[in-house]
Amino acid sequence: MNEPHIWWYITRASALIAWALMTMSVLWGILLSTRVMRRIDNPAWLQDLHRYLGGLTLFMVALHMVSLMLDGWLQFSLAETLVPFATDFKPLAVALGIVSFYILLAVQGTSLFMNRLPRKFWKGVHYSSYAALLLVALHAGWSGTDVSSWWYRVLAIVLISVATIAVLVRIITGTKTGSARPVAREEPPSISAQAAPARTASHDTRTMVVSTLQEVAQGVLAIRLLPLGGVQLPVWHPGSHVTLHLPNGLQRQYSLCGDPAERTHFDIAVLKTEQSEGGSEWIHANLSPGMTLEVSGPLNHFELEPANEYLFIAGGIGITPIKAMIESLPERRKWKLVYAGRSRSTMAFLDELVERYPDRVTVHASDEAKKPLDVFALTKSATSQVYCCGPESLMATVSEYVPADRMHLERFVALERESASPAQPIEVTCRKSKKSFVVDADETILEALEENGLPVLGSCKKGVCGTCEVRVVEGKPIHLDSVMDDAEKDRLKVMYPCVSRAEGGKLVLDL
Ligand code: FES
């Protein structure tokens with residue numbers, strides 16, 4: 001380091017490299033979230049690259065800050081490097097850079113713990129990287145000493161153009177659908193309008209045409225639905241479900257089981273259940289190609305979180321959301337599927353899955369197996385994220401062996417949950433609408449909301465589908481639904497008013 005200006009060169013070089021890396025990281029993040037490269041991509045390397053670029057950016061920013069302090073000419077102190085407006089040297093420009101550093105730190109830090117943080121919070125912090133990129137561009141333009149150089153200007157134009165185009169692509173291609181639920185459930189007809197759900201995707205209802213119907217297993221119909229006019233469907237992610245509004249007045253939720261990259265149609269599969277309350281029975285008896293149906297969603301409460309390794313356990317028709325998850329994964333991602341059913345003839349998509357993934361799919365057909373599925377053996381040494389969907393008995397058994405932080409369940413029948421004490425009246429305040437009312441002990445919060453002119457879209461009214469999700473501002477809900485873990489609901493500050501109550505008789509909702 002005999003060169004007197006070495007730190008000055010390092011300061012400039014690290015700043016430019018950090019800017020370029022940050023732009024690439026944001027670009028890669030957008031490619032991941034919009035899935036525009038799904039057909040040629042491999043999300044494994046895209047995801048890894050996104051992470052590495054973010055980490056490298058932070059390293060380069062740290063180098064930039066250290067070299068500023070070591071540079072004998074500028075001689076930034078630690079406080080001037082870390083505290084906005086502590087320096088006399090271009091204070092505003094430097095402050096913008098410092099703020100963008102803290103945003104970057106928050107984005108990287110929360111990404112390390114994304115599986116433990118509320119999804120909405122993590123996303124909010126992650127979105128702030130767009131603001132950081134803008135601040136960096138301003139910081140570079142105001143404080144960069146090479147601004148008058150032609151090569152610097154060309155680089156700046158390229159980086160700003162790439163960032164702008166990427167953000168526009170993100171806006172145009174839409175946002176990620178947030179939720180997911182059931183497979184094939186039977187519920188009574190339901191309500192009406194919509195009340196801002198806390199974390200979900202599309203509650204839009206659109207008219208769709210039944211394109212094809214195909215029996216893919218004994219009692220299971222695969223149905224393809226096309227939007228009228230051939231418009232592009234909203235972006236959705238594996239685990240999502242849609243609600244069919246049947247002509248007989250019933251609403252039913254079905255998991256999307258196709259490739260999430262396909263935006264031209266929805267694929268679902270419907271099992272004709274023995275105890276049908278009129279949903280699956282009607283579909284099997286009446287649905288035919290060319291018919292139109294109103295379809296809402298998709299919503300998602302069964303999201304596939306990023307992980308290095310997955311173990312999927314599907315029972316019967318529970319294969320539908322799992323199939324969409326498998327479709328979405330890159331070839332190199334490690335995963336295994338254990339697919340259980342009464343017999344091979346009743347297991348939808350079995351041949352296709354076994355043929356495509358012979359080394360990854362394990363089949364357990366009860367009529368040919370000599371012993372019950374050994375869930376303990378399957379899960380005892382697993383360190384992967386476990387996604388399970390199927391009969392309640394299967395999910396209960398899997399839950400016994402897999403720690404809660406690696407367990408992801410998709411229920412399609414309500415758990416029998418009761419409050420420890422008899423239901424009490426609840427004083428409900430709706431913050432946005434400034435309405436307060438008392439919910440009697442013998443009515444649901446969902447019913448009371450509708451009576452008081454705040455109808456919330458509901459479907460199952462049994463606490464299974466997740467459609468009626470509302471945000472809780474104050475109060476402690478008594479969760480009596482089966483949508484997801486109670487701890488997760490508390491972290492997300494949501495509740496399902498079709499069945500849930502509140503401790504202490506008071507509740508403030510974000511409605
Ligand atoms: S309406 Fe289905 S969870 Fe409330």
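A helix, as the word is used in these legends, is a DSSP run of H or I covering at least four residues, and helices are numbered from the N terminus. The model shown is predicted.

View 1. In the predicted model, the span 94-113 is 95% helix and 0% strand, and its end C-alpha atoms lie 29 Å apart. The span 125-144 is likewise 95% helix and 0% strand, with 27 Å between its end C-alpha atoms.

**View 2. The largest cavity and the residues around its centre.** Rolling a probe the size of a water molecule over the atoms shows where empty space is left. The structure holds 3 cavities of 30 Å³ or more, and the largest cavity has a volume of about 580 Å³. Its lining is made up of 31 residues, and those nearest the centre of the cavity are Thr11, Ala15, His64, His139 and Ser143. Helices α1 (6-34), α2 (43-70), α3 (78-82), α4 (91-112) and α5 each supply at least two residues of this lining, while the largest share, 8 residues, comes from α1. Sorted by class, the lining of the largest cavity has 19 nonpolar, 9 polar and 3 charged residues.

**View 3. The second largest pocket and its lining.** The volume of the second largest pocket is about 1,000 Å³. Among the 41 residues that line this pocket, Leu271, Thr273, Ile317, Pro391 and Phe412 are the closest to its centre. Strand β8 (334-341) and helix α11 (392-401) each supply at least two residues of the lining, and the largest share, 5 residues, comes from α11. The residues that line the second largest pocket divide into 17 nonpolar, 13 polar and 11 charged.

**View 4. Backbone details at Pro298 and at Phe349.** The peptide bond that joins Gly297 and Pro298 is cis, with an omega of about 10 degrees, and Pro298 lies in strand β6, which covers residues 292-300. Phe349, although it is not a glycine, has a positive phi of about 65 degrees. This residue, Phe349, is found in the loop between β8 and α9 (350-356).

**View 5. A salt bridge between the side chains of Arg356 and Glu327.** Side chains of opposite charge can pair when their charged atoms come close. When a salt bridge is taken to be a side-chain nitrogen of Lys or Arg within 4 Å of a carboxyl oxygen of Asp or Glu, the count comes to 15 salt bridges. In one of them, the side chains of Arg356 and Glu327 meet at 3.4 Å, N to O. Arg356 lies in helix α9 and Glu327 in helix α8 (residues 319-328), so the pair ties together parts of the chain that are 29 residues apart in sequence.

Terms used
Residues are numbered from 1 along each chain as its sequence is written. This is a predicted model: local features need pLDDT of at least 70, side-chain atom pairs count only at pLDDT 80 or more; totals for chains, interfaces and linings use all residues. Side-chain values use heavy atoms; hydrogens and water are left out. On a 1 Å grid over the protein atoms alone, a cavity is a set of points where a 1.4 Å probe fits but cannot get out, and a pocket is an open set with protein on both sides within 12 Å along at least five of seven lines; lining residues have an atom within 4 Å of a point. Grid points are joined across faces, edges and corners, and a volume is the space filled by probe spheres set on the points. Ala, Val, Leu, Ile, Met, Phe, Trp, Tyr, Cys and Pro count as nonpolar, Asp, Glu, Lys and Arg as charged, and the others, Gly among them, as polar.
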